[in-house]
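Grab a pencil and work through these exercises with the viewer open.

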Amino acid sequence: MSSETLPIQTSDDVVRVRQRVRQRSVEAGFSLVDQTKIITAASELARNTLDYGGGGTVTVDMVQMGSKRGLRLTFEDKGPGIADIERALTDGFTSGSGLGLGLSGAKRLSNEFEIHSVVGEGTRVVIARWK
Amino acid sequence: MDRVPILKLGNALLVTIQVDMHDRLATALEEDLSAKIVSSRAKGVVIDISGLDIVDSFMGRMLDNIAAVSRMLDAETVVVGMRPAVAITLVELGLELNGIRTALDLERGMKMIQARLEEGRDRDETLADVE
């Protein structure tokens, strides 16, 4: 199924990521609440990629499992990485000026969540939401 | 640069957020609004977010900041027009915006501010009686 990769280098890119995820979630037939959840999760993660990862990319995939359709988003950066992932997933944890809800919030808004990070090499976060 | 327009409506200022906010626009709005509260001696700020299909933690923080700054300048902020899907998503995200008053629509938001003004007037009269 279709796959595309978008850059996340500026705050305007974060807006474009939201718009693209919105289009794709409509195409996937998501309900309004599900659309809102995945767009919000995408917005949080895109901002993390920009603010903490020093920029990166997101790959948007339409996925199908049996009769289920969904959307999978893969955020990748080559930033400093996260030393303590468990702590980074705690509500209120932040290394910047945010509210510290980015990672934990995005996890709650997704059906699947996976994070892989190597200090000094970068971070990859994959989320999926099914219709 | 783009700016979010601020309208004066009686004793209140009305801000309608319709576009996807990026960082610079949000910062400009915070600055414009605080200046306008002082210059217009407004007692209330109504922020209409009915045009927003998502509110992420970045936007949430902006709304929180505006409410906190307005409060210091003796104006009350009421956020109106939140979509149901946005409310559901915000709660799941963990962002309950406890520092912000909300109303379902513009009319109720204006009434809230009007009620606060009348309360203030009664208090002023009581003070005058004591004197």
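Start with burial: a residue is buried if 20 or more other C-beta atoms lie within 10 Å of its own, exposed if 12 or fewer, and partly exposed in between, with C-beta atoms placed from the backbone. By that rule, buried residues make up 34% of the 131 residues in chain B.

A word on the source: this is a predicted model, where local features need pLDDT of at least 70 and side-chain atom pairs count only at pLDDT 80 or more, while totals for chains, interfaces and linings use all residues. Residues are numbered from 1 along each chain as its sequence is written, and chains are lettered from A and ligands numbered from 1 in the order in which they are written.

**Exercise 1. Describe the overall build of chain B.**

Step 1: list the elements. Helices (H or I, at least four residues) and strands (E, at least two) are DSSP runs, numbered from the N terminus. Chain B has 4 helices and 5 strands, and from the N terminus on they run β-β-α-β-α-β-α-β-α.

Step 2: check the dimensions. The C-alpha trace of chain B spans about 50 × 35 × 20 Å along its principal axes. The radius of gyration is taken over C-alpha atoms, and the globule rule is 2.2 Å times the number of residues to the power 0.38. For 131 residues a compact globule would come out near 14 Å, so the 15 Å of chain B agrees.

Step 3: look at the contacts. Two residues are in contact if their C-beta atoms, placed from the backbone, lie within 7 Å. Take the contacts in chain B between residues at least 6 apart in sequence: 77% of them join residues at least 24 apart.

**Exercise 2. Trace the strands on either side of β3(B).**

Step 1: find the pairs. Two strands pair if DSSP finds at least two bridges between them. Strand β2 (residues 12–16) of chain B pairs with β3(B) in the parallel sense over 5 bridges. Another 5 bridges join β3(B) to strand β4 (residues 76–80) of chain B, and these two also run parallel.

Step 2: pick out partners. B:Val15 has B:Ile47 in β3(B) as its bridge partner, and B:Ile47 stands opposite B:Val79 in β4(B).

Step 3: follow the crossovers. A crossover is right-handed if, with the strands pointing away from the viewer, the path from the first strand over the helix to the second runs clockwise. One right-handed β-α-β unit is made by β2(B), α1(B) and β3(B). The chain then crosses from β3(B) through α2(B) to β4(B), and this β-α-β crossover is right-handed too.

Step 4: check burial. Strand β3 (residues 44–48) of chain B is mostly covered, with 4 of its 5 residues buried.

**Exercise 3. What does chain B bring to its contact with chain A?**

Step 1: 17 residues of chain B are in contact with 22 residues of chain A.

Step 2: α2 (57–72) and α3 (84–93) of chain B each supply at least two residues of the side that touches chain A. The largest share, 6 residues, comes from α3(B).
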